[in-house]
Amino acid sequence: MLAWEASRLWDYHFLEQMAPPYFKKTPWTPFIHEGCVYDLAHLEEYEFSVIDADATSRRIVVTFSDHCFTRKPLLQDDPKLIYPGASRNPGIFCFVRYEHTQRLPEYITRASNGKVWNVSEYQENFAVLPTIDHEGKRIFYAVIFSLERAGKDLPIDLHLRVRSAYPCDKKLPSTFGEIGFTKLVALTMRRKNVPRINDPHRKRPRLT
């Protein structure tokens, strides 16, 4: 094989390896229960772009965890509700959470155009909280995500991992101030942490 042919073949394989999806290589398996199919295609990996606070265009890839539509098991749960391959052990398919996931990409878009809350439970994770449910009621809905640099080998800038998403019907995550999403992107690209606001009178999520 000629040198230029070998180089061309190497470039082809390299570009093939960089092609999307970058992080979740296999699609979600639909959940089937009592003859109903619950499709999860809306939670496949996707990409969007923003202009960050440093006036630089950034490519961001979004991935979702099964925690967005599964929950911890209860003693009374039917084993047929176990979602195969869940990261929980086991993960119970939650119809309420699943219903809310239908708008998750919309919530990510909303977050990218506004502010997000700094959350205390996880290191460098943030949440979008006030929203409207499928019945038109204002509720708190936590979208817990992290934002990380994607790495030099990928033609994208950041990886936004939605680690969990759920309606807050019992307790809100503790929040430590707000930050504009574009500012968060800029700080992440500069490898800088977001300062947490500990003032007892700090701003907190409100439904109104």
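Student: What makes the pairing of Asp77 and Arg71 a salt bridge?

Tutor: This is a predicted model, and in it the side chains of Asp77 and Arg71 meet with 2.9 Å from N to O. A salt bridge requires a side-chain nitrogen of Lys or Arg within 4 Å of a carboxyl oxygen of Asp or Glu. The value of 2.9 Å meets that cut-off, and therefore the pair is called a salt bridge.

Student: Why can such side chains pair at all?

Tutor: Side chains of opposite charge can pair when their charged atoms come close.

Student: Why is Asp77 called buried?

Tutor: The relative accessibility of Asp77 is 16%. Buried means under 20%, so Asp77 counts as buried.

Student: What of Arg103 and Glu106, whose side chains also meet in a salt bridge: why are they called partly exposed?

Tutor: Their N to O distance is 2.9 Å. Arg103 has a relative accessible area of 26%, and Glu106 has 38%. Partly exposed covers the range between the 20% limit for buried and the 50% limit for exposed. Both values fall in that range, so Arg103 and Glu106 are partly exposed.

Student: Which residues are linked in a network of salt bridges?

Tutor: The network links Asp52, Arg58 and Asp157. Within it, the side chains of Asp52 and Arg58 meet at 3.0 Å, N to O, and both of these residues are buried. By the salt-bridge rule, the count comes to nine.

Student: Where is Arg97, and how do you know whether it is buried or exposed?

Tutor: Arg97 lies in helix 2, residues 95-101. Its relative accessibility is 14%. The limit for buried is under 20%, so Arg97 is buried.

Student: What does the side chain of Arg97 reach, and which residues does Arg97 touch?

Tutor: The side chain of Arg97 reaches the backbone oxygen of Thr70 at 3.1 Å. Not counting residues up to four places away in sequence, Arg97 touches several residues, including His67, Arg71, Arg88 and Tyr166.

Student: Which residues lie nearest the centre of the largest pocket?

Tutor: Arg97, Tyr166, Pro167, Asp169 and Lys171 lie nearest the centre, in a lining of 20 residues. The pocket holds about 590 Å³ of space. Strand 10 gives the most to the lining, with four residues, and helix 2 supplies at least two. The lining divides into nine nonpolar, two polar and nine charged residues.

Student: Why is Asn118 called buried?

Tutor: Asn118, found in strand 7, has a relative accessible area of 2%. This is under 20%, so Asn118 is buried. Leaving aside neighbours within four places in sequence, Asn118 is in contact with residues including Asn125, Phe126, Phe176 and Val194.

Student: What makes helix 4 mostly covered?

Tutor: Seven of the nine residues of helix 4 (residues 181-189) are buried. Among them are Phe181, Leu184, Leu187 and Met189. Helix 4 is followed by Arg191, whose phi is positive, near 60 degrees.

Conventions. Residues numbered from 1 in each chain as written. Predicted model: local features only at pLDDT ≥ 70, side-chain atom pairs only at ≥ 80, totals over all residues. Heavy atoms only, no water. Buried < 20%, exposed > 50% of the residue type's maximum accessible area, 1.4 Å probe, protein only. Polar contact = N/O pair within 3.5 Å; in protein donor to acceptor, adjacent residues only side chain to side chain. Contact = heavy atoms within 4.5 Å. 1 Å grid on protein atoms, 1.4 Å probe; cavity = no way out; pocket = protein on both sides within 12 Å on 5 of 7 lines; lining within 4 Å. Points joined across faces, edges and corners; volume = space filled by probe spheres on them. Nonpolar A, V, L, I, M, F, W, Y, C, P; charged D, E, K, R; others polar.
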